[in-house]
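Student: I'd like to go through the charged side chains of this protein with you. Could you show me the model?

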Amino acid sequence: MKLTFIGADHEVTGSCHCLEACGKHILVDYGMQQGLDVFENAPLPVPEAAIDYVFLTHAHVDHSGLLPLLYARGFRGQVYATDATVDLCSIMLRDCAHIQLMESEWKARKAKRGADIAAIEPLYTMEDAEGVIKRMVACHYDSIVEICDGIKIRFTDVGHLLGSSSIEVWLKEDTTEKKIVFSGDLGNERQPLIKAPKRTAEADYVVMESTYGNRLHPAPDGDFATELAAILKETFDRGGNVVIPSFAVGRTQELLYFLRQIKVDRMVPGHEKFPVFVDSPLAVEATEIFHANRMDCFDEKAMALVKEGINPISFAGLKLAITSEESREINFNDTPKVIISASGMCEAGRIRHHLKHNLWRPESTILFVGYQANGTLGRAIVEGAKEVKLFGETIQVQAQIRQLRGLSGHADQAGLIWWLEGFEEKPKKVFIVHGEDSVATGFAEMLKIEHGQRAYAPYSGSIFDLGANRFTYEAEPVRVEKKRPVASGVYARLVAAGQRLLAIIKKLDGLNNKDTAKFADQVLNLCDKWDPDK
Ligand SMILES: [Zn+2]
Ligand SMILES: [Zn+2]
């Protein structure tokens with residue numbers, strides 16, 4: 001019985017853990033790395049074709065995005081997830097495959113035109129995405145699912161995204177029985193629309209996220225709708241648009257929930273009929289899936305509306321733009337409006353067009369409503385970049401840049417601790433994952449010192465023996481090498497020069513005189529002069 005840490009170790013994205021028990025190999029999540037990659041991920045302990053099952057906590061791409069790759073490389077087992085997660089994956093993994101394809105076509109075109117860029121194969125194809133979607137097994141919340149002899153699981157709603165779950169895993173090998181709980185991403189109890197997180201009572205081991213392990217969400221000044229309405233009013237009075245980069249799945253539907261309330265309560269006086277565009281085909285599809293799963297996943301407030309026959313995420317004036325022509329038309333009329341578009345961190349998708357049309361306009365507002373990872377365009381704008389590059393053009397940032405922080409899909413430090421304290425007895429070990437380097441380390445330390453938890457943040461590649469309750473291998477962090485530019489002709493000449501230098505040095509082997517020392521000094525001086533890290 002062992003657990004190997006693969007991804008999202010001292011990092012936030014690329015979640016993946018590998019369980020080995022009862023002769024089976026199981027992945028818990030297989031997510032894609034997004035934003036800045038700091039540490040190398042260890043390879044899977046067995047080839048993809050030897051993975052028997054995947055237990056998937058939720059549909060976010062940083063947890064599910066490599067599943068099609070798993071299929072492409074021979075995985076033919078089952079992926080267990082909740083009903084809503086299966087629904088969401090069926091659109092999100094297709095969308096991922098589509099993005100891969102577009103990106104590789106774009107790079108191939110650029111490479112052909114002689115740009116200094118390597119053509120790449122897409123990581124996987126639409127067929128791979130569809131292949132793995134067919135292998136998904138939909139499970140209900142709160143019911144025990146027998147996986148095979150010795151292994152059973154149960155999904156619990158943790159209120160982070162529609163369908164999101166923590167997973168309890170019971171393992172039994174001969175006389176050894178262990179229970180390990182994977183938190184998945186833990187939700188924020190103040191999140192609207194979906195249910196609040198639920199806790200789990202028992203575990204030998206816990207693997208838990210730590211995204212906000214170092215901070216508390218600010219106490220709300222008023223409620224979110226009031227704050228949002230004030231920003232809409234200011235911007236519309238100036239004649240500008242409110243552009244909201246938003247995750248297509250989850251955050252967009254929450255925004256629709258608040259915008260419906262703002263409309264119904266007439267909270268933007270003078271602009272009651274303001275249009276709202278959702279410009280993301282994925283967001284439009286996801287909105288339908290939210291509606292379809294309302295009975296299982298919506299919280300009491302949202303269900304009260306549903307019972308009155310009201311759709312809590314729809315209203316008059318909502319325009320779901322889908323074709324790229326409809327998308328372009330949004331910026332042709334100058335009625336002040338709300339534009340919600342993806343991706344949420346501005347790295348791809350139609351949001352980049354809306355940024356191009358609005359970033360330079362002092363009357364517009366770019367409103368950030370979600371986490372912006374290190375290294376993304378969204379983070380750069382939030383941190384006050386004066387200009388940004390979009391579609392090869394330099395765009396001045398003159399729009400108002402605002403952030404609504406209260407809306408977070410993640411528990412804050414207090415929420416994480418609340419969840420962990422749900423275990424009636426302290427777990428034998430709490431593995432801290434899914435947090436930036438210093439956050440994961442700091443959170444584990446804090447749990448240890450202030451809460452007496454046996455917490456530890458392992459690096460990728462570490463292997464823990466669940467039966468013996470000890471690490472059999474503790475990996476060192478491996479930093480991702482800075483990407484070097486593609487070798488050009490001049491660079492090849494430099495490499496040849498280096499090789500000649502080494503050849504000469506080898507000829508001097510055995511000699512021990514003043515000249516060799518002088519030569520060494522000369523080489524060292526040259527190194528000092530040219531070393532980019534000095
Ligand atoms: Zn998530
Ligand atoms: Zn996550």
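Tutor: A salt bridge here is a side-chain nitrogen of Lys or Arg within 4 Å of a carboxyl oxygen of Asp or Glu. This is a predicted model, in which local features need pLDDT of at least 70 and side-chain atom pairs count only at pLDDT 80 or more, while totals for chains, interfaces and linings use all residues. Residues are numbered from 1 along each chain as its sequence is written, chains are lettered from A and ligands numbered from 1 in the order written, and side-chain values use heavy atoms, without hydrogens and water.

Student: Which residues are linked with Glu168 in a network of salt bridges?

Tutor: Glutamate 168 pairs with arginine 154, N to O at 2.8 Å. Glutamate 168 also pairs with lysine 179, where the closest N and O atoms are 2.7 Å apart. The network partners of Glu168 are therefore, by the 4 Å cut-off, Arg154 and Lys179.

Student: Is glutamate 168 buried or exposed?

Tutor: Buried means under 20% relative accessible area, exposed over 50%, and partly exposed in between (1.4 Å probe, protein chains only). Arginine 154, at 26%, is partly exposed. Glutamate 168 has a relative accessibility of 3%, so it counts as buried.

Student: What separates lysine 233 and aspartate 237 in helix α5?

Tutor: Their side chains meet in a salt bridge, 2.8 Å from N to O. Helices are DSSP runs of H or I with at least four residues, strands are runs of E with at least two, and both are numbered from the N terminus. Because lysine 233 and aspartate 237 lie 4 residues apart in helix α5 (residues 224-238), the separation is about one helical turn.
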